Amino acid sequence: MLTGIGMVTPLGNTREDTWDGIVAGRSGGAPISIFPLRDAPVRFACEVKNFDPTVAMDRKLARRTDRYTQFVLVAAREAIEDAELDVTADGLGERTGTAVATGIGGLQTLDLAHEHLFSKGIDRMSPLWITMLIPNMGAAMVSMEYGFRGPSSTVTTACAASSMAIGDAVGTIRDGRADVMVAGGSEAPITPIGVGGFYAMRAISQRNDDPETASRPFDAGRDGFVIGEGSTIVVIEELEHARARGARIYGEIMGYGCTADAHHFTEPDPTGVNPARAMRLALEEAGMQPSAIDYINAHGTSTPVGDTAETRVIKMVLGDERAYEVPVSSTKSMNQFERDPDCDLDYVPNQARHGVDMRVGLSNGFGFGGHNASLIIERWDESDGRRVG
């Protein structure tokens, strides 16, 4: 059961601000301000604005943590407060775990340490830099901050990582190893190495003159994704645990599927068989037919190959008729200016669509290295007598 949500994103530093920005059609794209640009060929990104880590930690701890970990702690605090979870309750610590994903970890710290090493020498390196940059520190810091002593893990499967962390967290609860899991992901890759590396791969957009609309999933003129940062953390509970404390329930994570392409470093599976299999496995675990899906949160990379491939995969799973009936959008962006004939589904671009009754949603995450993950979430309605609180 999903009982709490916390967010730090380029659209806002809280769940509500982020959602308001999404519904209003605001973009998080803007010129980079985090580091000096010099002659960088890509000069924009989706930064978290006006971020203050001390809302969740003291200044001393903030100095000892990387930006990606700071995002985790702020988002986790909001999620735990939203769930009204009493972290001091007897036995909760031992029955609560953490599963926080990241694709890269403390890249900002790595950039700093690298520069410091060659300017100051190895004897002047900080003993904190390793703990600041290792990917597991997000999950570790949440467990330390709140005394959660259950299973703690970190998934680092690129763009599929957060979906896998949430799927694994649900599995941990179903296996009886925890009653509560604090799960999600965080990224802070807007650094010279991050931007430069993705540019060298020709993976990111180069629309320096139009950063707000540079990310254009499923658009005919898409030229790559826009590098971004932030964190989303959720609280997931076993049903009876949520009922016993009168928790409000947003929804139920019904199904999870993950597969590997075993194909290429960056290119998607050309057949679509393996990402489609991840979606089908999620449906199978949920006990649902493709006809049950009311909405798809697409991976939507805004890359020429990726979006065409995902469109083909959706058709493979839902069937040609149903695929055209299900609304599709991507949390990466809402921009679309010219329809791509190869991307011809019911995308929801440019403005929110209201008045649509959506009960079951499917979310895709496909990462470099051929990692595929799909989640199915069902809304928990008070009207049908299943919602508590």
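Trainee: In this predicted model, which helix gives the most to the lining of the second largest pocket, and with how many residues?

Mentor: Helix H4 gives the most, with five residues; H4 spans 107–120, and helix H8 (192–200) likewise supplies at least two residues of that lining.

Trainee: What makes a residue part of the lining, and which residues are closest to the centre of this pocket?

Mentor: A lining residue has an atom within 4 Å of a pocket point, and 13 residues line this pocket, of which Phe35, Asp111, Leu112, Glu115 and Pro192 are the closest to its centre. The pocket has a volume of about 290 Å³, and its lining divides into seven nonpolar, three polar and three charged residues.

Trainee: Why is strand E4 called mostly covered?

Mentor: Buried means under 20% relative accessible area, and six of the six residues of E4 (residues 96–101) are buried, so the strand is described as mostly covered. Thr96, Thr98 and Val100 point one way, while Gly97, Ala99 and Ala101 point the other way. In a regular strand the side chains alternate between the two faces of the sheet.

Trainee: How do you know that E4 pairs with strand E6 and with strand E5?

Mentor: Pairing needs at least two bridges; E4 and E6 (residues 180–187) have six, in the parallel sense, and E4 and E5 (residues 152–153) have two, also running parallel, so both count as pairs. Val100 stands opposite Gly184 in E6, whereas the bridge partner of Ala99 in E5 is Ser153.

Notes:
Residues are numbered from 1 along each chain as its sequence is written. This is a predicted model: local features need pLDDT of at least 70, side-chain atom pairs count only at pLDDT 80 or more; totals for chains, interfaces and linings use all residues. Side-chain values use heavy atoms; hydrogens and water are left out. On a 1 Å grid over the protein atoms alone, a cavity is a set of points where a 1.4 Å probe fits but cannot get out, and a pocket is an open set with protein on both sides within 12 Å along at least five of seven lines; lining residues have an atom within 4 Å of a point. Grid points are joined across faces, edges and corners, and a volume is the space filled by probe spheres set on the points. Helices (H or I, at least four residues) and strands (E, at least two) are DSSP runs, numbered from the N terminus. Ala, Val, Leu, Ile, Met, Phe, Trp, Tyr, Cys and Pro count as nonpolar, Asp, Glu, Lys and Arg as charged, and the others, Gly among them, as polar. Buried means under 20% relative accessible area, exposed over 50%, partly exposed in between (1.4 Å probe, protein chains only).
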